[in-house]
Amino acid sequence: MLPIARSELIQIFRNRAVLITSLIMPLAAAAFFIYRRDAFETLGSLGYIGAILVFTIAAFTLYATTVTTLAARRQDLFLKRLRSTAAGDTAILTGLVLPVSAVSLVQVALVLGAFMALSGAPADPLLLVVAIVATFVMMLALAIATAGITNSPEHAQVTSLPLSLGVVVLASWIGLTGTEDLALLKRVLPGGAATELVINAWNGGVPLTESLLLLAPTLGWVVVAVALASRMFRWEPRR
Amino acid sequence: MSTAPVIDVDALHVTYGDFHAVTDLSFQVERGELYALLGTNGAGKTSTLEVVEGHRAASSGTVRVFGESPSDRRTVRPRMGIMLQESGFSPDLTVAESIRLIGRLTGRTDTVDRVLGIVDLTRKAETRVAQLSGGEKRRLDFATAVYGRPELIFLDEPTTGLDIQSRDALWDAVEELRADGSTIVLTTHYLEEAQQRADRIGLMHHGTFRHQGTVAELTRTLPAAIQFSLPAGAPAPPVSAVAVPDGSYQIETFDLQTDLKQLLDWAHDHAVDLHGLSAAPTRLDDVFRAIDTAPALS
């Protein structure tokens, strides 16, 4: 698994297109949200900015990059090549997604660290960590599932768009309008309950029992995403 | 050392929906053998190979490699090197990085420098795969297949796109591995390579074997041909000769030596000059061309 992860890290940093779209663009977007934090706080709350930062990185650094790289490795028959060795499927897939997951975690730590330094710490850091981990696992599994219906890295620009944009728009919708209206819809959409968890963890003032209830749809999506990933992922191009 | 076959395939069926790619295929490959799996396009070679390599599950039948299921990668793959038909390397890794990665994952030990030397890619060690020519990619593929001198090596169209020097070097390396006891499974469209190198051949058509055996056994299934022309006024040739439209004569024979001697004796006895005399033993190409007429082996 580790030799695969190492080679994958080398490939990410050698591919300029991946480097710009998956690493630099999300960081630039995050920097913009932090720079204009006063305006976004007025529109929503500090928790809203926190949620947008988490979902920008989850959607673009983690989700879109994973879809693109898995599609590219399959198209190049690199996945088949790896499966010609003694490495098992789980080790191969873990090795492939480990670097981008690690990069995403480092990014979210840096971005939220900078945001905290400027705007103060979240009310419930532990709940924030739980929400981030659940969001990342869900987005990673959804990326593996999406890669199953993605024929090439170019095709990934189309297939990854609905979910990557969708979760960021949903985070904004919930961050700006709250969940008083259409609560059920907002909470059952992928990332909806997780967004609310991040906002609650950051702003505080919500009883823990209420926040823990939001963990059910959040973890539900993790289970659905993992099930979709195991059903939809393909190792070889269609013939 | 075990005398059990390295590969044991029994009643293999591979189907894709309603399509039967492989039907009731059985064969064994013995230790140290070079077995060539040949066939027409769409004959089922790739499906068979993929099942034996462990890339695909059989629809039914049993396949054993070293007595184990080929899908048990952890057990079987350290003993097996696979040269895929299409390279499958990441364009952003260098040649040395690719070999190091795949080599480590095979579970065998070797040095990158040694295998680079075998395929004459030492100077390209730090070149990215994206910048390699088609032939160089094939050589890289071969390098990863022979990393750690595996006991069993699959060579799927190994010489496609290679120049003659690279082909010779590849076959020299294969002969060296065979001298060390490696077993080779080969697929190729270059029939002369199979004729020259294979101990045994399985010839597939429409999902089944039409012939299986040594080159001599396969070529014995079709008659050899003697051709000649006769000068004007010559007496009638031996009865087995038939006239062909261009005015020459042809003898089809399963006993080339005897019939050729009989013809030459006849010419000598009648003082006849045989013009354009040729005697061609049956080649693998001939067996291949006549594959449509061969019944499926049970």
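These legends walk you through several close-up views of a predicted two-chain model.

Residues are numbered from 1 along each chain as its sequence is written, and chains are lettered from A and ligands numbered from 1 in the order in which they are written. Since the model is predicted, local features need pLDDT of at least 70 and side-chain atom pairs count only at pLDDT 80 or more, while totals for chains, interfaces and linings use all residues.

**View 1. Here is where chain A and chain B touch.**
Chain B brings 22 residues to the contact and chain A brings 19 residues. (Two residues are in contact if their C-beta atoms, placed from the backbone, lie within 7 Å.) On the side of chain B that touches chain A, the elements giving two or more residues are helix H2 (73-76) and helix H3 (95-106) of chain B. H3(B) supplies the largest share, 6 residues. Sorted by class, this side of chain B has 9 nonpolar, 6 polar and 7 charged residues. (Ala, Val, Leu, Ile, Met, Phe, Trp, Tyr, Cys and Pro count as nonpolar, Asp, Glu, Lys and Arg as charged, and the others, Gly among them, as polar.) Helices (H or I, at least four residues) and strands (E, at least two) are DSSP runs, numbered from the N terminus.

**View 2. Now look at helices H2 and H4 of chain A.**
H2(A) covers residues 16-35 and H4(A) covers residues 46-75; their axes come within 10 Å and cross at roughly 175 degrees. (Axes are lines fitted to C-alpha atoms, for helices over the stretch in contact, and angles run from 0 to 180 degrees between N-to-C directions.) The two helices are therefore roughly antiparallel to each other. (Angles under 35 degrees count as roughly parallel, over 145 as roughly antiparallel, 65 to 115 as roughly perpendicular and the rest as oblique.) Residues of H2(A) in this contact include Val18(A), Leu23(A) and Phe33(A), and those of H4(A) include Ile49(A), Phe60(A) and Thr69(A). The contact has 13 nonpolar, 6 polar and no charged residues.

**View 3. Next up is an open sheet in chain B.**
Its 6 strands come in the order E5-E6-E7-E3-E8-E9, with mixed pairing. (Two strands pair if DSSP finds at least two bridges between them.) Strands of a sheet pair through backbone hydrogen bonds, either parallel or antiparallel. Strand E5 (80-83) and strand E9 (208-213) of chain B are the edge strands, each pairing on one side only. From one strand to the next, the twist averages 15 degrees. Strand E8 (residues 200-205) of chain B pairs with E9(B) in the antiparallel sense over 5 bridges, and His205(B) stands opposite Thr208(B) in E9(B). Helix H1 (residues 45-53) of chain B lies across several strands, including E3(B), and runs at about 140 degrees to E3(B).

**View 4. This one is about the largest nonpolar core.**
How many residues are in the largest nonpolar core? There are 138, and among those touching the most other members are Ala58(A), Ala131(A) and Ala143(B). H4(A) gives the largest share, 18 residues. Ala131(A) touches Ala194(A), Leu197(A), Val198(A) and Ala201(A), leaving aside residues up to four places away in sequence. Apart from this core lies another, of 6 residues, among them Phe228(B) and Leu274(B). (A nonpolar core is a set of buried Ala, Val, Leu, Ile, Met, Phe, Trp, Tyr and Cys residues joined through C-beta atoms within 7 Å. A residue is buried if 20 or more other C-beta atoms lie within 10 Å of its own, exposed if 12 or fewer, and partly exposed in between; C-beta atoms are placed from the backbone.)

Leu25(B) has 27 C-beta neighbours inside 10 Å, so Leu25(B) counts as buried. Among the residues Leu25(B) touches are Val9(B), Thr48(B) and Phe209(B). Asp24(B), by contrast, is partly exposed, with 17 other C-beta atoms within 10 Å. Asp24(B) also has a positive phi of about 50 degrees although it is not a glycine.

**View 5. Finally, check out strand E13 (residues 275-280) of chain B.**
Is E13(B) largely buried or largely in the open? Of its 6 residues, the number buried is 0, so E13(B) lies largely in the open. Strand E10 (residues 224-229) of chain B pairs with E13(B) in the antiparallel sense over 4 bridges. Within this pair, Gln227(B) stands opposite Ser278(B) in E13(B).
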